[in-house]
Amino acid sequence: MYAAFRSIGAYVPEKVLTNADFEKMVDTTDDWITKRTGIKERHIAADNETTSDMGVKAAEKAIARSGLEKSDIDMVICATISPDYFCMPSTATIIATKLGLPKVTAFDISAACTGFVYVVAIAKAFIESGMKKNVLVVGAEKLSAITDYSDRTTCILFGDGAGAAVITATEDKEEAILDIHTGSDGSYADLLMTPNGGSGSAHDSLDQEAAGCYMKMKGNETFKVAVRTLTSDVVEILKENNLDADAITHFVPHQANYRIIKAVGDALKMRDEQVVMTVEKYGNTSGASIPMAINDIYEAGELKTGELMLLDAFGGGLTWGSALVPFAGPVKK
Ligand code: ACO
């Protein structure tokens, strides 16, 4: 049995924060943000809108487009670093219940911006082992809830949103997800972290208001490791599968920074039309960024059945991953 990437869906909240808005909030300029990141705007969830609410909206689209009934889904995995509740319950269980799914296996994984590649890998393994047949994978983030809007080095980067896909069992090898690589190196943990609120922080630092679980990032150091790791990861997965860059129709990297994507694309000799770029519209939505980007090309009618996508992600942990994924869904009419 193989695993096929059957459908995609996404949800973007209504409210938009532009670079001009940030000029009024912190010491920054549209020019700095555009030149250093490529970001022009990002969407922000409403106060009463949760990560699971956004995940549900993306999942409803993905399930409808898969041709399956909700009752066919037998597992839900959610990649998020901004869950509805830290610790428990998992956002995946809330999504499953809000969708009205049967009492399925459901759990979250924490791999920051690499989260979506990780959940696709887990779904593939469950399906190939015969344990599950139709897995809903979700990447959903309300990063605005863990962003310090007084810190100009991070707040201009992040946005909210969700993406989801249905991965199904298939006997057709042509449809099969070819390969997925995932890795991590905790010795770089301090480059990108939410330092407070967990068992690693002192009890007297659990002051959510003062320190909270806000993200802290050593951006410049992270940048260099990101370019190096994203490039080497792709070189390796292509080599192991005897493919060259021309075999890839859509290179879908994690959307953190225009300059990172450009540097990796150039190093891999990808043509501009192969590289999917959405960072300008959504900013960095961590685990949601790759499925949101896939949904963009799907809704634009640019993603055709059988076309090979190369997913490539890098994030806090540090974590990284790449995946060779043919699109096995029906084309958008
Ligand atoms: N506006 C104006 N100036 C700023 C801003 C801002 N918003 N932010 C920082 N600066 C200043 C700095 O203070 C610094 O000033 P100095 O030279 O006087 O000290 C200067 O700009 C340069 O700062 P750098 O950090 O060196 O800028 P850089 O070119 O590296 O860009 C950025 C910063 C955009 C964060 C970049 O490093 C980056 O994208 N890093 C990687 C992010 C990433 O991929 N993360 C992993 C995924 S995210 C996840 O897993 C959740």
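Start by selecting Cys113: this residue is buried, with a relative accessible area of 9%. Keep in mind as you look around that this is a predicted model.

A search of the whole structure turns up 0 disulfides.

Next, zoom out and show the whole protein chain as a cartoon. You can trace 10 helices and 13 strands. The C-alpha trace spans about 55 × 45 × 40 Å along its principal axes. For 333 residues, a compact globule would have a radius of gyration near 20 Å, and this chain agrees because its value is 19 Å. Of those 333 residues, 56% count as buried. Take the contacts between residues at least 6 apart in sequence: 77% of them join residues at least 24 apart.

Colour by charge and you have 32 positive and 46 negative side chains, with the centres of the two sets 2 Å apart.

Now select Ile297, in helix H10 (residues 289-299). Is Ile297 buried or exposed? It counts as buried, at 7% relative accessibility. Leaving out neighbours within four places in sequence, Ile297 is in contact with His250, Val276, Glu302 and Leu303. Pick Val276 from that group: it is 21 residues from Ile297 in sequence, but their C-alpha atoms are 7.8 Å apart in space.

Time for some backbone spotting. Go to Pro89, in the loop between strand E4 (75-79) and helix H4 (91-99). The peptide bond leading from Met88 to Pro89 is cis, with omega near -5°. Then jump to Leu318, in the loop between strands E12 (308-315) and E13 (319-326). A cis peptide bond joins Gly317 to Leu318, with omega about -10°.

Finish with a pair of loop residues. Asn242 lies between helix H7 (219-240) and strand E11 (250-253), and its phi is near 50°, a positive value in a residue other than glycine. Asn242 is exposed, with a relative accessible area of 72%. Ser286, in the loop between helix H9 (279-282) and H10, has a positive phi too, near 45°. Ser286, however, is buried, at 1% relative accessible area.

Methods: Residues numbered from 1 in each chain as written. Predicted model: local features only at pLDDT ≥ 70, side-chain atom pairs only at ≥ 80, totals over all residues. Heavy atoms only, no water. Helix = DSSP H or I, 4+ residues; strand = E, 2+ residues; numbered from the N terminus. Rg over C-alpha atoms; globule rule 2.2 N^0.38 Å. Buried < 20%, exposed > 50% of the residue type's maximum accessible area, 1.4 Å probe, protein only. Contact = heavy atoms within 4.5 Å. Lys, Arg positive; Asp, Glu negative; His and termini not counted. Charge placed at Lys NZ, Arg CZ, Asp CG, Glu CD. Disulfide = S-S within 2.5 Å.
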